[in-house]
Every structure is written in C-alpha cells, then in structure tokens.
Amino acid sequence: TDLCYTPMIHSRLWVESPSYRREIFSTCGEDRPLIVQFCANDPDTFAAAVRKLDPATCDAVDLNLGCPQGIAKRGNYGSFLMDDMQLVYSLINRVHTTCDIPITAKIRVFDDLAQTLQYAKMCVDAGAQVLTVHGRTRDNKGAGATPADWSLIKAVKEHVPVPVIANGNIFHNGDVAACLEATQADAVMSAEWLRRNPALFNGTAGSE
C-alpha cells in the first residue's frame, strides 16, 4: 500500500464536535502519505472542517462523491451530489482556493459517457488534483451489483490532466495489474476487499 485514506468523516460534525474529532480520527506514521476523506454539502462548512485539521497529520483531503448508501441520500452527500454539479464545483473550489492543502475527489460514473467526462473535467477544473473513479453508477450497488466498468475509467484517464486512481473490481492482488493495464490509471484503490484482506496489495491471501 502506497497511499492511505481515512474513513469518511462528516464535515459538519468535525467542525462542531470536539468529541467527534477525537473519536473519528487516529493515525500513525505508517499511514503516511494519508488523505483525510470528508463528506460535505456546504462549501463554507467543508472549508472550515479542512482548516481544523492538523497539517502535520495528513498530506491531502478528499471529497467523497462516491458513497451510494441510504445514509448519504438522507444527508445529501456522497454520490447524491452528482445531480448538482455547481455545488460539487463550489465544494472543491472553496477548499482549493482558501485552504493550504491539496484536494482530491472520488466520483462514480454516469450511465452516459459524455456526462461522466463532463463531471470528471468539472472536478478537475474546480481544483481536484487527483481523481479516484469508481466504475459503477450510483444505483449499481449492493448484493446485485454488476462489475465496475473499467472502460469508463480509462476514458476519464484519457480526458483529464491529473492522476486517476481506478476503483472497483479489485478483489485479489492479481486484479491490480489487470486493472492498471485496462484503465491506464496511475494507481488502484480497494476498499471493501482490502478490509477483508488487509494484505491484498502484497499478495498475501486473507481468510475467507
């Protein structure tokens, strides 16, 4: 593993609650480089949350635009901001222009390729310096989810001038090379399957 992300942190709670900050965030030297991942739906609150970070503990912040879960729908964050591109632009741009730390973003794809490319380019134009692209739509989730579409990740990689991290279908160590070849991405991310097997990236088999 060459890069670590925190679990998703709720930006408003991070700003308002010292106890939340103590409970939700812990790290160690082995985590570096570390990106602190936030969900947010208000540019001012997001920027305020970022400014409360200790810059000595992390290397960048990430706006999670990929979470498809019901809690994200109820809270209006994650992938449920895909329908409001102006808000997404404002969230990224506010941190990019007012905070002294790099910002990245994680997105999902649309059914329509042109819309996906527009969305990715808008995130970069707003200031995202790295894009992580999950190759599934917002509705493609859960037990019945179909495989992530690596061809859409490749199309994004060819369309934007920043590093792209591919996400989706990384179940085993061997999937890493296959994904990099198929997408031409700069790196791959695994979340759920890395939780099941923390040694995934070094090729060690985990328990079933």
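Start with the crossing of helix 5 and helix 6, which is right-handed. One caution before we go on: this is a predicted model. Helix 5 covers residues 85-98. Helix 6 covers residues 113-126. How is such a pair described? Two packed helices are described by the angle between their axes and by the distance between those axes. Here the angle is about 25 degrees, and the axes lie 8 Å apart. Angles under 35 degrees count as roughly parallel, so helix 5 is roughly parallel to helix 6.

Now, which residues meet? On the helix 5 side we have Met85, Val88, Tyr89, Ile92, Asn93 and His96. On the helix 6 side they meet Gln115, Gln118, Tyr119, Met122, Cys123, Asp125 and Ala126. Sort this contact by class and you get eight nonpolar residues, four polar ones and one charged one.

Let's step back to the whole protein. How many helices and strands are there? The protein has nine helices and eight strands. The C-alpha atoms fill a box of roughly 40 × 40 × 30 Å along the principal axes. Buried residues make up 48% of the 208. Look at the contacts with a separation of 6 or more: 67% of them join residues 24 or more positions apart.

Threonine 104 lies in strand 5, residues 103-108. Buried or exposed? Threonine 104 has 4% relative accessibility, so it counts as buried. Now find alanine 60. Threonine 104 and alanine 60 are 44 residues apart in sequence, yet their C-alpha atoms are 7.4 Å apart in space. Setting aside neighbours within four places in sequence, threonine 104 is in contact with Tyr5, Ile35, Val61, Asp62, Leu63, Ala128, Gln129 and Val130.

The other one is threonine 132, in strand 6, residues 131-134. Threonine 132 is at 1% relative accessibility, so it counts as buried. What does threonine 132 touch, not counting residues up to four places away in sequence? The list is Tyr5, Ala105, Lys106, Ile107, Ile165, Asn167 and Met189. Notice Tyr5: it touches threonine 104, and it touches threonine 132.

Last topic: the backbone. Where is the cis peptide bond? It runs from arginine 32 to proline 33, with omega near -5 degrees. Proline 33 is in the loop between helix 2 (18-24) and strand 3 (34-39).

Then come two residues with positive phi. Asparagine 169 has a phi of about 75 degrees, although it is not a glycine. Asparagine 169 is in the loop between strand 7 (164-167) and helix 8 (174-183). Its relative accessible area is 13%, so asparagine 169 is buried.

Glutamine 184 is in the loop between helix 8 and strand 8 (187-189). It is not a glycine either, and its phi is positive, at about 60 degrees. Buried or partly exposed? Glutamine 184 is at 48% relative accessibility, so it counts as partly exposed.

That's the tour. I'll take questions now.

Conventions: Residues numbered from 1 in each chain as written. Predicted model: local features only at pLDDT ≥ 70, side-chain atom pairs only at ≥ 80, totals over all residues. Heavy atoms only, no water. Axes fitted to C-alpha atoms, helices over the stretch in contact; angles between N-to-C directions. Helix = DSSP H or I, 4+ residues; strand = E, 2+ residues; numbered from the N terminus. Parallel < 35°, antiparallel > 145°, perpendicular 65-115°, else oblique. Left-handed = near helix turned anticlockwise from the far one by under 90°. Contact = heavy atoms within 4.5 Å. Nonpolar A, V, L, I, M, F, W, Y, C, P; charged D, E, K, R; others polar. Buried < 20%, exposed > 50% of the residue type's maximum accessible area, 1.4 Å probe, protein only.
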